[in-house]
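Have a look at it first, and then we'll go through it piece by piece.

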Amino acid sequence: MAVILITGMSGTGKSAALGQLRQRGYAAVDTDAGGWIELVPAPGGGVERQWREDLIDDLIAGHERSGAPLFIGGTVWNQRAFYPRFREIVLLSAPLAVMLERIAARGGNPFGKTAKERGRIVADTAAVEPLLRSSATLEIDTRAPLAEVVDRLAALAGPPAPAQRPRP
Amino acid sequence: MPASEPAPGAAPAPPPAAALRLRPLRRDEEAAFLAAHQAMAAEGHTFGLGYLPGMPWPAYLQALADHRAGARVPPGLVPSTFLVADAGGQIVGRASIRHELNESLMVEGGHIGYGVLPRHRRRGYATEILRQALVIARAYGADPVLVTCDDDNTGSARVIEACGGELDSVNVIPGQVTPVRRYLIR
C-alpha cells in the first residue's frame with residue numbers, strides 16, 4: 001500500500017507531475033480541482049482552503065483496502081491530520097523566481113496573476129514552506145526535467161495497479 | 001481450512017494494530033462517537049474532549065474544527081487536533097495532539113493525550129495510536145515531543161517507552177496523590 005502526498009507551494013509543479021503520473025497509469029488526484037476543497041473562515045480573518053475530510057478519508061481508505069498506489073496532490077492547512085497515513089510526503093520546490101515565472105505563464109489555474117496574489121505567494125512561501133519541509137520525507141527540486149521528477153515519484157510507489165491502466 | 005480463518009461461529013479476530021488509522025471524526029458517526037464516549041465515561045475517563053452532554057453533533061464537530069484551527073479555544077486550553085483511532089471500521093480509541101504547550105501541559109498532559117476503549121485493549125492499539133500521533137505532533141513543530149503518564153500506570157509507561165520515550169522526570173503535582181512521569185520523545 002502506497003499512499004503518497006505531493007505537496008508544495010503554488011508553481012512548484014504539483015499539477016504537472018500529477019498529470020504525468022496519471023498518464024503513466026497511476027491514480028493521482030489533484031485536490032486543487034474537483035470539489036475536494038472547502039473554504040472556511042480563517043481565525044485571523046478572511047477564508048482558508050481546507051480538505052473536505054470525509055472525502056479525503058474515503059479516498060485514502062479505498063486505496064488502503066485495495067493496496068493500489070495513490071498520489072494525492074495538495075497544500076492545505078488541515079493535511080497534517082492525515083500525515084500518518086502517507087507512506088511518503090514529497091515536497092516539490094523551486095526557487096521563488098521560478099515559481100512566479102511558471103505562475104505567470106500557466107493556463108490552467110488563474111491564481112497568482114495579480115500583484116496582490118503574487119505578494120501572498122511570496123509571504124506564504126516564507127511562512128508555510130519550512131513547515132512542509134520539516135515533515136517531508138523527500139524534497140524534489142522541480143527545475144529538473146518533468147520526466148525525471150515523475151520517475152522519482154513513480155519509484156516511490158512501485159508499478160501502478162493492473163486495474164489502473166495507462167490512458168491511451 | 002487454513003489456520004488463519006476463524007472456525008464457523010467464532011468471533012472474528014480483531015484487526016491487527018497495523019490496520020489502525022487515525023482520522024478525523026466523520027459527520028455521520030454521532031452514534032459511534034456517543035457509544036465510545038459512554039464506554040470511557042463508565043470508567044471515569046473522557047473520550048470526546050470538550051464534549052458536553054446533549055451538545056448538538058454539528059456544534060461539537062465545529063468546536064473540534066475551531067480548536068484545530070486555533071479559533072475560539074477555551075481559556076486554559078491550546079489549539080489541538082482531535083482524531084479517532086479506527087481499526088477495521090470501528091472506533092477503538094482517540095488521540096488529541098496539542099499544537100503547543102501551556103504551563104499546565106508542560107507538567108502534566110504533554111503534547112499527546114490518547115486512550116483506547118475498554119473492550120479494545122491489550123491489542124497493541126495504544127502504541128500504534130501514539131506512534132501515529134507523534135507524526136502529527138512533529139508536523140506542528142514539537143521537538144522533542146512531551147508525553148506524560150501517571151507514575152503507577154505501567155501499561156502507559158511501556159507504550160511511551162516503546163515509542164522511544166526517555167524518562168525526563170517524575171513530578172509530584174500539588175493536590176494529586178500519584179506523581180506524574182514526563183517522557184521526552186526525540
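This is a predicted model: local features need pLDDT of at least 70, side-chain atom pairs count only at pLDDT 80 or more; totals for chains, interfaces and linings use all residues.

You'll find Glu48(A) in strand S4 of chain A, which covers residues 47-51. Leaving aside residues up to four places away in sequence, Glu48(A) touches Glu38(A), Leu39(A), Val40(A), Ala42(A), Pro43(A) and Trp77(A). Gly67(A) sits 19 residues away along the chain, and 32 Å separate its C-alpha atom from that of Glu48(A).

Now for the sheet in chain A. Five strands make up an open sheet, in the order S2-S5-S1-S6-S7, and they pair in parallel. At the edges are strand S2 (27-30) and strand S7 (138-141), each with pairing on one side only. From one strand to the next, the twist averages 20 degrees.

Helix H2 (residues 53-66) of chain A lies across S1, S2 and S5, and runs at about 160 degrees to S5(A). Helix H5 (residues 146-157) of chain A touches S1, S5, strand S6 (88-93) and S7, and its direction makes about 160 degrees with that of S7(A).

What about helix H1 of chain A, residues 14-23? Its buried residues are Lys14(A), Ala17(A), Leu18(A) and Leu21(A). They lie on the same side of H1(A), because they cover an arc of only 100 degrees around the axis. The buried residues of H1(A) pack against S1, S2, S5, S6 and H5 of chain A. Just after H1(A) comes Gly25(A), with a positive phi of about 100 degrees.

Two other helices of chain A pack on each other: helix H3 (residues 96-105) and helix H4 (residues 115-135) meet at an angle of about 145 degrees, with axes 11 Å apart. The crossing of H3(A) past H4(A) is right-handed. On the H3(A) side of the contact are Leu96(A), Met99(A), Leu100(A) and Ile103(A), which meet Arg118(A), Ile121(A), Val122(A) and Thr125(A) of H4(A). Sorted by kind, the residues of this contact are six nonpolar, one polar and one charged.

Over in chain B, have a look at strand S2 (residues 80-87). Eight of its eight residues are buried, so S2(B) is largely enclosed by the rest of the structure. Ser80(B), Phe82(B), Val84(B) and Asp86(B) point one way from the strand, while Thr81(B), Leu83(B), Ala85(B) and Ala87(B) point the other way.

| Strand paired with S2(B) | Sense | Bridges |
|---|---|---|
| S1(B), residues 20-23 | antiparallel | four bridges |
| S3(B), residues 90-98 | antiparallel | eight bridges |

Leu22(B) has Ala85(B) in S2(B) as its bridge partner, and Thr81(B) has Ile97(B) in S3(B). The hairpin of S2(B) and S3(B) has two residues between the strands, and in it Gly88(B) takes a positive phi near 60 degrees.

Note on methods: Residues are numbered from 1 along each chain as its sequence is written. Chains are lettered from A and ligands numbered from 1 in the order in which they are written. Side-chain values use heavy atoms; hydrogens and water are left out. Two strands pair if DSSP finds at least two bridges between them. Axes are lines fitted to C-alpha atoms, for helices over the stretch in contact, and angles run from 0 to 180 degrees between N-to-C directions. Contact means heavy atoms within 4.5 Å. A crossing is left-handed if the near helix is turned anticlockwise from the far one by less than a right angle, and right-handed if clockwise. Ala, Val, Leu, Ile, Met, Phe, Trp, Tyr, Cys and Pro count as nonpolar, Asp, Glu, Lys and Arg as charged, and the others, Gly among them, as polar. Buried means under 20% relative accessible area, exposed over 50%, partly exposed in between (1.4 Å probe, protein chains only). The arc is that of the directions from the helix axis to the C-beta atoms.
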